[in-house]
Amino acid sequence: QVQLAESGGGLVQAGGSLRLSCAASRRTFSGYAMGWFRQVPGKEREFVAVINWSGGSTSYADSVKGRFTISRDNAKNVVYLQMNSLKPEDTAVYYCVRRRTDYVPYEYDYWGQGTQVTVSS
């Protein structure tokens, strides 16, 4: 049973924008912080951004601050990642995640299948 389903990836030129979406079941989504990770082949998955349940608190990796914006629509059970001013080094598979805990160490228990983002120079 698919819990998280990403969409919106693709090929874009450097400087361009993409918006990723992640649709979840209400049971999976409700009451939890949601986030995005990314992974390049041969490297570990990297934290990108997270948003709390209410949407009032967000956190970003330094590498994307000022360029990416995470948001959520709790009525639709969807979390978004707006990516602007994209760079070739943003090329990766992007994963939607659910954060199970609200305390350190954070635990992420559900992962989507991933969507490829490719930024050409």
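**Exercise 1. The surroundings of Thr115**

Find which residues Thr115 touches, not counting residues up to four places away in sequence.

*Solution.* 
- Step 1: With contact meaning heavy atoms within 4.5 Å, Thr115 touches Glu6, Ser7, Gly8, Gly9, Leu20, Ala92, Val93 and Tyr94.
- Step 2: A word on the model before we go on: it is predicted, so local features need pLDDT of at least 70 and side-chain atom pairs count only at pLDDT 80 or more, while totals for chains, interfaces and linings use all residues. Residues are numbered from 1 along each chain as its sequence is written, and side-chain values use heavy atoms, with hydrogens and water left out.
- Step 3: Now place the residue: Thr115 sits in strand β11, residues 115-120. Strands (E, at least two residues) and helices (H or I, at least four) are DSSP runs numbered from the N terminus.
- Step 4: Thr115 counts as buried because its relative accessibility is 10%. The classes are buried (under 20% relative accessible area), exposed (over 50%) and partly exposed in between, with a 1.4 Å probe and protein chains only.

**Exercise 2. Salt bridges**

How many salt bridges does a search of the whole structure find, and which residues are linked in a network of them?

*Solution.* 
- Step 1: Apply the rule: a side-chain nitrogen of Lys or Arg within 4 Å of a carboxyl oxygen of Asp or Glu. The search finds seven.
- Step 2: Look at Arg38 and Glu46, whose closest N and O atoms are 2.8 Å apart. Arg38 is buried because its relative accessibility is 6%, while Glu46 is partly exposed at 33%.
- Step 3: Turn to Asp90 and Arg67, which meet at 2.7 Å, N to O. This pair links distant parts of the chain, 23 residues apart: Asp90 lies in the loop between β8 (78-83) and β9 (92-99), and Arg67 in the loop between β6 (58-60) and β7 (68-73). Both Asp90 and Arg67 are buried.
- Step 4: Arg98 and Asp109 also form a salt bridge, at 2.6 Å, N to O. Here the partners are eleven residues apart and link distant parts of the chain, with Arg98 in strand β9 and Asp109 in strand β10 (residues 108-111). Arg98 is buried at 7%, and Asp109 is partly exposed at 31%.
- Step 5: The network takes in Arg38, Glu46, Arg67 and Asp90.

**Exercise 3. Aromatic rings**

Describe the geometry of the ring pair Phe37 and Tyr108, and name the residues that ring pairs link into a cluster.

*Solution.* 
- Step 1: A ring pair is described by the distance of the centres and the angle of the planes. Rings of Phe, Tyr and Trp (its six-membered ring) pair if their centres lie within 6.5 Å; planes under 30 degrees apart are stacked, over 60 edge-to-face and the rest tilted.
- Step 2: This rule gives six aromatic pairs. For Phe37 and Tyr108, the centres are 4.9 Å apart and the planes stand at 75 degrees, so the pair is edge-to-face.
- Step 3: The pair joins distant parts of the chain, 71 residues apart, with Phe37 in strand β4 (residues 33-39) and Tyr108 in strand β10. Phe37 is buried at 11%, whereas Tyr108 is partly exposed at 21%.
- Step 4: The cluster consists of Phe37, Phe47, Tyr95, Tyr108 and Trp111.

**Exercise 4. Ser59**

Where is Ser59 placed, and which residues does Ser59 touch, not counting residues up to four places away in sequence?

*Solution.* 
- Step 1: Ser59 is in strand β6 and is partly exposed, at 34%.
- Step 2: With that sequence cut-off, Ser59 touches Phe47, Val48, Ala49 and Val50.

**Exercise 5. The whole chain**

Work out which elements the chain has and how its radius of gyration stands against a compact globule.

*Solution.* 
- Step 1: For 121 residues a compact globule would come near 14 Å, and the chain's 13 Å agrees.
- Step 2: Buried residues make up 40% of the 121.

How values were computed: Rg over C-alpha atoms; globule rule 2.2 N^0.38 Å.
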